[in-house]
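This report describes the fold of one protein chain and then turns to some of its residues. Please keep the sequence and the structure in view while reading.

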Amino acid sequence: MKIVDTVLKIKTDTLPPKNSFIEKEIKAQGIDPIRWAIVDVEENILTVSVAGYKA
């Protein structure tokens with residue numbers, strides 16, 4: 001495993017999004033999150049800064 005630091009775009013139908021939804025979407029990208037933060041919101045697209053473990 002290695003630690004990655006990346007920015008993801010996540011589409012959501014509900015604002016504010018639930019933490020479980022965001023973590024599920026991050027894990028769907030193959031990243032086990034250590035920390036994440038929403039850094040921008042445009043309409044229903046979240047920009048999320050993520051650090052985590054990637055296989």
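Two residues are in contact when heavy atoms of theirs lie within 4.5 Å. The model described here is predicted.

## The sheet

Three elements build an open sheet: the 3 strands stand in the order E1-E3-E2, and their pairing is antiparallel. Strand E2 (31–42) and E1 are the edge strands, each with a pairing on one side only. On average, neighbouring strands in this sheet are turned by 20° against each other, if direction is ignored.

E2 and E3 run antiparallel and are joined by 10 bridges. One example is Ile 38, whose bridge partner in E3 is Val 48. Pro 33 stands opposite Gly 52 in E3. The hairpin of E2 and E3 has 2 residues between the strands, and Glu 43 in this hairpin takes a positive phi near 55°.

## The helix

Helix H1 lies across E1, E2 and E3, and its direction is at about 115° to that of E2. Glu 23 is a residue of H1. Is Glu 23 buried, partly exposed or exposed? Its relative accessibility is 32%, so Glu 23 counts as partly exposed, because that class covers values between the 20% limit for buried and the 50% limit for exposed.

Glu 23 and Ala 55 are 32 residues apart along the chain, and their C-alpha atoms are separated by 16 Å.

## The nonpolar core

Which residues make up the largest nonpolar core? There are 9 of them: Val 4, Leu 8, Ile 10, Ile 22, Ile 26, Ile 31, Leu 46, Val 48 and Val 50. At least two residues of this core come from each of strand E1 (2–11), helix H1 (19–28) and strand E3 (45–54). In soluble globular proteins, nonpolar side chains tend to be buried together.

Val 48 shows how a member of this core meets other parts of the chain. Leaving aside residues up to four places away in sequence, Val 48 touches Thr 6, Val 7, Leu 8, Ile 10, Ile 22, Ile 26, Trp 36, Ala 37 and Ile 38. Among these contacts, Leu 8, Ile 10, Ile 22 and Ile 26 are also members of the core.

## A buried loop residue

Thr 12 belongs to the loop between E1 and H1. Thr 12 counts as buried because its relative accessibility is 3%, and the limit for this class is under 20%.

What does Thr 12 touch, not counting residues up to four places away in sequence? The contacts are Pro 17, Phe 21, Asn 44 and Leu 46.

## The salt bridge

The structure holds 1 salt bridge. Its partners are Asp 5 and Arg 35, with the closest N and O atoms 3.4 Å apart. Asp 5 lies in strand E1 and Arg 35 in strand E2, so the pair ties together parts that are 30 residues apart in sequence. Side chains of opposite charge can pair when their charged atoms come close.

The two partners fall into separate accessibility classes. Asp 5 counts as exposed, with a relative accessibility of 59%, whereas Arg 35, at 38%, counts as partly exposed.

Notes. Residues numbered from 1 in each chain as written. Predicted model: local features only at pLDDT ≥ 70, side-chain atom pairs only at ≥ 80, totals over all residues. Heavy atoms only, no water. Core = buried A, V, L, I, M, F, W, Y, C linked by side-chain atoms within 4.5 Å. Buried < 20%, exposed > 50% of the residue type's maximum accessible area, 1.4 Å probe, protein only. Helix = DSSP H or I, 4+ residues; strand = E, 2+ residues; numbered from the N terminus. Pairing = 2+ DSSP bridges. Axes fitted to C-alpha atoms, helices over the stretch in contact; angles between N-to-C directions. Salt bridge = Lys/Arg side-chain N within 4 Å of Asp/Glu carboxyl O.
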